[in-house]
Amino acid sequence: MASFGVPFLRVSLGIVFFWFGVLKFFPGLSPADQLAARTISALTLGIVPGDIALLVLAVWECAIGLGLILGVFLRLTLLLLFLQMLGTFTPLLLFPDETFTRFPYAPTLEGQYIIKNLVLIAAGIIIGATVRGGHVEPEPDVEPEPDVEPEPDAEPDAEPEAERERPSLHLPPTP
């Protein structure tokens, strides 16, 4: 799993971004498009109208998706992802009546849609940790040696503790 986990995470995250981005090219297909358009319009103080905001967001999300799927320009792709994620949380503050039934502990479906982005951020962090050659290693099958100092009066030829047979616990059979 260690050798395939991060590439699978990268590609699957890319599919999610690409898919959700494509939906935004078609008005009414994305359940978040109106909220996203109003959020961007509010953040730009009305300078960017909702329809233009959705087009930019669609291109942005598709670019993130393609970068992750293809594994190209990953630093830039992850920068775009993290910037986009900052924007996705703003409706929680700008439109609490639409994102919570009871603020701050009972999110609506839209609020849940936004809060789940924490998982996408965590996935981006894991992927980012591997961009410069980092990797995930499986746990070794060898038990770590205990950090125990040898007793001062121990015999020099004595068998090391790690090589000694460890006592086992024998339990009576259950009835």
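## Helix H4

Let us start with helix H4, which covers residues 74-94 of this predicted model. At 1.5 Å a residue, its 21 residues should span 30 Å, and the end C-alpha atoms are 31 Å apart, so the two values agree. Several residues of H4 are buried: Leu74, Thr77, Leu78, Leu81, Gln84, Met85, Thr88, Thr90, Pro91 and Leu92.

Thr77 belongs to H4 and has a relative accessible area of 4%, so it is buried. Setting aside residues up to four places away in sequence, Thr77 touches Ile64, Gly67, Leu68 and Val72. Leu78, also found in H4, has a relative accessible area of 5% and therefore counts as buried. Beyond its neighbours within four places in sequence, Leu78 is in contact with Leu68, Gly124, Ile127, Gly128 and Val131. Leu78 and Gly67 are 11 residues apart in sequence, while their C-alpha atoms are 8.6 Å apart in space.

## Helix H7 and its two sides

Now look at helix H7, made of the 12 residues 117-128. From the first C-alpha to the last, H7 reaches 16 Å, close to the 16 Å expected at 1.5 Å a residue.

Which residues of H7 are buried? They are Asn117, Leu120, Ala123, Gly124 and Ile127. These residues lie on the same side of H7, because they cover an arc of only 105 degrees around the axis. Here is a handy rule for reading such a pattern: an α-helix has 3.6 residues a turn, so residues three or four places apart point the same way. On the face turned away from the buried side, H7 carries the exposed residues Leu118, Val119 and Ile125.

## How H4 and H7 pack

Two packed helices are described by the angle between their axes and the distance between the axes. For H4 and H7, the axes come within 10 Å and cross at roughly 160 degrees. An angle over 145 degrees counts as roughly antiparallel, and H4 and H7 are therefore described that way. The crossing of H4 past H7 is left-handed.

Where do the two helices meet? On the H4 side, the residues are Leu78, Leu81, Phe82, Met85, Thr88 and Phe89. Their partners in H7 are Asn117, Leu118, Leu120, Ile121, Gly124, Ile125, Ile127 and Gly128.

Helix H2 runs over residues 33-43, and its residues Asp33, Leu35, Ala36, Ala37 and Thr39 are buried.

Most residues other than glycine have a negative phi, and most peptide bonds are trans. With that in mind, here are some spots to look up.

Leu45 is not a glycine, yet its phi is positive, at about 55 degrees. Leu45 sits in the loop between H2 and H3. Is Leu45 buried or exposed? Its relative accessible area is 77%, so Leu45 is exposed. Phe73, in the loop between H3 and H4, is not a glycine either and has a positive phi of about 50 degrees. Phe73 counts as exposed, because its relative accessibility is 67%.

Finally, Phe103 and Pro104 are joined by a cis peptide bond, with omega about 0 degrees. Look for Pro104 in the loop between strand E1 (100-102) and strand E2 (106-107).

Methods
Residues numbered from 1 in each chain as written. Predicted model: local features only at pLDDT ≥ 70, side-chain atom pairs only at ≥ 80, totals over all residues. Heavy atoms only, no water. Helix = DSSP H or I, 4+ residues; strand = E, 2+ residues; numbered from the N terminus. Expected span 1.5 Å × (residues − 1). Buried < 20%, exposed > 50% of the residue type's maximum accessible area, 1.4 Å probe, protein only. Arc of directions from axis to C-beta. Axes fitted to C-alpha atoms, helices over the stretch in contact; angles between N-to-C directions. Parallel < 35°, antiparallel > 145°, perpendicular 65-115°, else oblique. Left-handed = near helix turned anticlockwise from the far one by under 90°. Contact = heavy atoms within 4.5 Å.
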